[in-house]
Structure formats: C-alpha cells, structure tokens
Amino acid sequence: MNDKTLSLLEFDAIRSAVAACALSAEAGRRIAEALPFTGKRPVAELKALVSRILDRINSGDEEPQGSIPDIAAILPKLDVAGASLEQDEAYALGIFIDRGGAITMWLAGGHQNDSSPSVPGTADRTPATAEAAPLTLEGLLSELPDCSPLSREVFRVFDREGKLRDLPEFRDIKRRIRTLTQDLEAAALRYTGSEETRRMLQSDLPSQRDGRLVLAVKANYRGRLKGIVHEVSSTGQTLFVEPEDVVEKNNDILIEQRRLDAEIRRVLRELTARIAEGRRDLGVFHEKIVYIETLRARARYSRDIRGHFALSDGAMHQLDDARQKGARHQSGNVPAQGIASRMVTDTLILKQARHPLLGREAVPIDFTMGWTYGEDGVYAGAGPFAVLDGSGSSIDPATPFGSGLSPEPGIPATAGSGPSPEVPASSAPVKTVIITGPNTGGKTVALKTIGLFALMNQFGLALPAAEGTSLPVFDGIYADIGDEQSLSQSLSTFSAHMTNIAAIAAAAGADSLILLDELGSGTDPQEGSAIAMAILDHLIEKGSRIIVTTHHGVLKNYGYTRGGVENASVDFDRQTLSPTYRIVMGIPGESRAVDIAARNGVPGELIARARSYLANERSDVSALITELKKKHQTLDAAAEAAKTEAAKLREERRRADLRELRLKQKELELKEGGMGRLRLLLSESRKTLENLVREVKEGEITREKTLKVKEFLGDLEKAVSAEDAALEDEARLLREDRLRLESNNQAESIYQNDRSTNPDRRSGRHGRKQHPAQSVIPIRPGTEVLAGEWKRRGTVIRADKGGWVVEIGSLRMTMDEKDLTPIVPSAEERKPLIEAAELSGNTQARFEISLRGMRLEEALDTLQRQIDAAVLSGLGEFSVVHGKGEGILQHGVHEYLKHHAQVADYYFSRPEMGGFGRTEVILKR
C-alpha cells in the first residue's frame, strides 16, 4: 500500500472528511496522517471500537460536543523543573481533563453490562486461537487514569471562563490598583473638565500610550501644558502628553501592576509544580483521550454517510440460528430441507455500494468475487467456503455433497441431512475478475469504488453500502488507473503503465488486492493482449486478488478458458446509448465504440463506413457475446417460470394443509359435542343410581347390590376420563399443526420477499441450478416478532437466561426463542434535512464588533463585512468579542484571521479588557 495508490483511489479526501469530524485538532492531525491497517486482528478491533461508539452516538444520550484543546505542546513544559505555564496553557489543561472525563463518563454510561463487539466477524475468536485478549472499549476506558484532582487544582485558580479567580493573594493589590486608577481618572478629569485646559485638547477623552494615561494636546499649546510627550501624530498637529501631576500616579499604577503580574506568575509556578506531580498519569490520559477522539471521528463520519460495517474474514452469519434450527429439526418440528447458513471467508461482496465522494450522483453497484453459499443456494464464483447443513454441521469445501460429512467440533451432525446442491470439487477459486464494456459505462468508477471501500474498511469506517457487504483484509492494495504519461521522464502511456505494473507485481502477495485499469492499452492490441495475459498469469500464480478493466477481446476469451478467472461487464442501454452502471457477472461486454462515436457527433458517413468495416471483419468474440446474452435471457426466463410454478405448488400445499386443519377442527368440535353428551349421561346416571340406592335402603339391603352399584359408577367414570384425555391429546396435536402451518407460511412469505427484492440472482458461471433455501432472520435486540401461541406482535429487548425479553404493548416477558417468529422489517427512506442560511446586509466599520450568540457561519460572515468596511474606511485595528464558551467561535475566528490576506496580526486582549473572550485585530496598512 503506497502513497500513489492512496492518491489514485482518492483516499486523502476520505481522511480529510473524517478528520473534520474530530473535535480535537490533535486527533484530526493524527487521522490525516494515519494509514489503513493491514492485519486482520487490528482491523477487527478497530471496527469493533468504532461500532461500539457509533452505537453510543445513536443511543440518544446527549454526546459531549465541546472542542478539546490541543495540549501536545504544553506537556513537555511539565518535565522542566521550575517551569511555569502561561494562563491560557494552564486553563487548556483543565479544560482538556474536564472534557476528556465527560467523554469517558458518556462512553461508560452505555456499556456497563455489554462487553461483546457489535461488528460481525470480530467475536468469533476462541481462546485457543487468540494470542491475547482483544482490545475492547471497556478495556480502553479502564486504562484511563483519574486526573480530576489536577483539574480541580486548575479551576481553583481559574473560573470556567478562563479568568483568574479573585484569590486572597491578588485581592489587596487589585484594590490598590482600583484606588490609584480612580485618582488617575480624577486627575485627568481636572484637565478635560476645565474650560481653560479643554481648548488646548484635541479630544475630551484621555488616551493611553504604553499603558500610561496621556492627553491629546494641540501642537500650538505645547508650552502651556507641562509634561512628558509620548507620541506625535502623523500630521504633527497633536501631541500625546503625560501631565506632570499624572506621571507619579501612572508610576504607582505601573508598580502595582508589576506586583500583580509577579504574584500571578508565582501562583502559576506553584500550580505548574502541582500539575507536574501527575505528569505521568496526565500523559497517559492525553494519549487515550486523543485516541478515543480519533475513534469518535470515525464513528461520526460513519453515521453521516449512513454506512454499514463490512463483514470480515471468518464472520459466521446466522450460525446460532442455524444451530437452533438444526436442534428443532432433530426434534421433528422443522424439516431439514432448505435450512442453510453461510460462513464468509475470503469473499469480496459489495451490495448497493455508492462511491462516497460522488454524493447524490453515485449509482449503487453490486459486485461479487469469491465463493459463497447463501440462503438461495446459489454459488457466486468460487473460493474457500463452509456450508452448514440442517443440523449445523460444517461441510468441508473439498468434500462433494452426499459423501461423508465432517461435523464442526461441538455441533452434532445428522446423517443424511446435507444440502442438495452439487458443486464440482475441482472448481477453482475465483480471485480474478475481468470487467469489459463500453467507454463511459462506469468501469473505472467501479474499480475505484472497490479499492476505496477496501481502504475505508481497513481504516475502521462503515461503508455507504447495504448490509451483507463483505470485504477481506488485504495486506496490500495496489492500483494502476488513468493515464500515466510523463513527458519529463520520457515515458509514453504504455511505458508508464508497465513501469507501475512492474512495481506492483514485485510487491504484491497472496493477500493483496490489485486494480488494473485498461490493462494492455496504449500499444498494438495483439501485443498488448499478450503482455496483459502474461501479467495476469504471474499475479494469479502469486494468489493475489485481481480486478481488471479492458477492451481487448482476447482477454474476454481468457476469462472463459483460465481457471479462477471470471468475466463481468457493465450494462449499456442500446435504446438510449447511455450506461446503466449495473455490473453483470459472468458475461463480458462489448465496447460499443461506434455507437458512442455517433452519439458524440461523429459525421454519419464516417459511422456508416466504420460499420461496413466492422461487418466485414467482425470477430467471433462479439458473436459469442451476443449468443451468450441470448442464452442467459433464456435461462432467466426458465428460472422465472420455475419460480412461478414452485410458488403455485406451495400455494396448493398451503391450501391442502388448511383444508386438513379445518377437518381436524370440525372433528374436534364433534368430539367436544359427544363429550358433552357423555357428561350429561354421567350426571343423569348418577341421579338414577342415587335413587336406586335410596330405594335399596328402603327395602332389603344386600352386599351384592351395593357392590354392583359401585362398579357401575366406577366404570362409567373411567370411560369418561379416558374420553376426556383423548380429547386433550387431539387438541394438543391440533395446536402443534396450527403453529407448524403458520411457521411454514411465514417462512414462504419471507422467501418470496427475499426473491422479489433480489430479482437478479442467477446460477453460477458453470450452469449450476438454483436451490432455494428457507430465509433465516436472526433474532436480536430490536427485532419485531410474533410471540407466543396467539402470535401477538412485540419487540425483542434483550437476551435473558437462555431466552429473550420481549415487549408486548406495555408488558415485558421472557420467552423461549422457539416461541418467537421474526417479522420481515420494512425499510424507511430517510430524507436529508436542508437548512437555508440567510445573510444580512453590509455594515459600517466599528471599533468593536460582538459575535456572541451567533452561529459560526454567521459570525464569520459578520467578521468579513467588518474587515471589508475597515479597509475601505481606513480603520487600522478593531476588537472582536467572541466570548469563551466551548471555544467554537474563538477557534473559528482565529482560523479565519490566520488565513485572511488583509490581517497583519491578531492576539487576545489583556485580561482586564476581556482576555480570551476578546481578540484584537490589526490590519495591513
């Protein structure tokens, strides 16, 4: 993975967008300098951490949004004995610790009882295979030291606005300064309030020069007002004079101010010494918080693009559900046919993938390279895989179906329950795809999307694609895209491509992804095709995954004859001569150069002549492509007809089951009626016998008569009890039949929905048949289900003691998974919210503007108008009041002033003038 590839795939733009989501400038710099990981474990851990934080952001709890100060340059000062921090540096440390602690509390609030990663494929590591415990968010938070005592030390000296508190050490000095200032103002008022001296002054208001009070005296009265001249105006008409009786008062104020400054420095030195005692913990805290903020920035970006995390190598999907279904199959409740799950290994699948830099203009693409067995029983390409049969057994890919199965450890196998598809054991893994098709068809965009998604996945980001997208972790991603011609190095297009490809071939390995655009172009087609096939042979022997775009017909034939290589094409609408951007796997595409030339204005007579040449010398490859498309259309029609017929058969079976159920229901009703009559008979017989006993008592009572009466009653009760038990058994069997029928009907409905939303599923490239399997919706928190015998609608809340806690209306109850039937969720389309910003009109230049209460965009617009007005009116300097708050306005204003062409300098005001809440701006003259 090199800088050239990152540049070709425009990964820098993604990094910049992620860095912009960080609330810490230091975290943003780290993100902008970071590279994607190349190891499976680091990628899995990073995605797990980002996913957990994204879940926390989406939880609804208020996320801390305050900007985090950059203290990287401040920490080394704490290592110097006797060093003293500046006021803004000490305040920044306190804010960093406070806001870091707020982030820690926010993250810990949602994960106290949940330690399992939420990214598929990151939790299937067993203790036997893991070298060490994976890094979790809980582990990361537990490593954070408690730096709150240091924060308390800082805010004992400063308030939350960054101002020095009125400490006892400062109180007497400040009172003395206030008294002297009042005396000084009274002295100045004697000059400005007197009619005799007022006519000597240019202004009634005193001014300041070098921190000393002075008066603006007219030059012609220089000798009339004794004092020290500090400055003369540019015109020479005004002198800034410090009167003699004011000099001593200015000196006293200056002395007291120096005393205050010295006392402040002493307090800051002592504060710095106390902070330095916790330097080690503060260093660890700083590193962890900045790292967490890099994770938060990744999570925010993933939320903004509404992405899904790609499945990783070894991620087993619906395994638990398949195991439970296998157990139910063994108990006789669920048939084994059609139950299968999938383990994604070494497979690259993109579903509805949109290039993140194209925004709304991005067209979703689907792409598959590998070997997977999914719910519909279709194999896509080839490669290492594992299939689960109805009992949950794992089938080795090298073992033909129907032979002895090797069960996965810990999961019992069931004889004779293997899946029905047959796949040749000699099939080679598909690790190379050759994409062909017309220019402007989207081949290069597809190539860049695949490469950029691989980089984003290994950078810990969710991808703007549908769920089910799967990406391996590559140890290197290499690309040769675009025109590499270089006049400075005397390289032609072909030479430049060959130089780049030679470097790629030398660096690539078995776990590398290689993207080659227009392989073999820029030279003679025959020689270019030959060198292209030789390059592919070399890279295939290395085991690399390769995706190639080309226009050479020979390479299309290469895709059919070379093992492990599959053709693909970008679809093209013949009617409108426009691309559809849909990738069709298994079929090569035509270049359509003549049609595209005609569409772009080439004269008709030239097009006609080109078509005549094409008709006389049409290659067999084009004819082969046309024939293949016809065969695929025929196969699609046959598959659609078979699907319709299968749906009819299922409907007939469902109707037959319903008829059988109605008959059993009627039979039960008849039996219940007969049982009622039997109970009535028992009651009447009991009364008759009681009368008989009474008559016997009135007459002669014999033992034989009494025994006969008791035997009669006992036999009658036994007969009624047996009939009642038989009725209960019939009712139980009827309930089980009803549940089985409803479960089958819902499974068929899910299957039909799945097939209807994926109409483009086809058989494998070798003509393998489709074998629909029952779709499985995993039960997890948030799943909508039908619960219990009466199938009441509810929502799964969490797992609990081997079952699930389900919320039905206002009640929550724990139920077994076998009593829950998942409901297919409906997708809702989210529309982005667009807010319009209004800009106010022009303003006049002012000595001070206030931006408090404004949004950043509005504040910067106001600041721009102030600068423009100040330049036009000749105002050389002014003040900006932005407040302190969370520092957003302060940081934004300083960033804006830093890059403005008219700004010569800017700095915070003195503490008594506003300190960090106000900025003085000096414009260029």
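**View 1. Four strands form an open, mixed sheet.** In this predicted model, the strand order is E24-E25-E27-E26. Strands E24 (848–850) and E26 (903–908) are the edges, and each of them pairs on one side only. Neighbouring strands are turned by 20° against each other on average, ignoring direction. Strands of a sheet pair through backbone hydrogen bonds, either parallel or antiparallel.

**View 2. Strand E24 pairs with strand E25.** E25 covers residues 877–881. The two strands run in the parallel sense and share three bridges. Look for Ile849: its bridge partner in E25 is Val880.

**View 3. His552 sits in a loop.** Is His552 buried or exposed? His552 counts as buried, because its relative accessibility is 14%, under the 20% cut-off.

**View 4. His552 touches residues from another part of the chain.** Leaving out residues up to four places away in sequence, the contacts of His552 are Leu519, Gly520, Ser521, Pro525, Gly528 and Ser529. Gln526 is 26 residues from His552 along the chain. The C-alpha atoms of His552 and Gln526 are separated by 8.6 Å.

Definitions and conventions. Residues numbered from 1 in each chain as written. Predicted model: local features only at pLDDT ≥ 70, side-chain atom pairs only at ≥ 80, totals over all residues. Heavy atoms only, no water. Buried < 20%, exposed > 50% of the residue type's maximum accessible area, 1.4 Å probe, protein only. Contact = heavy atoms within 4.5 Å. Pairing = 2+ DSSP bridges. Axes fitted to C-alpha atoms, helices over the stretch in contact; angles between N-to-C directions.
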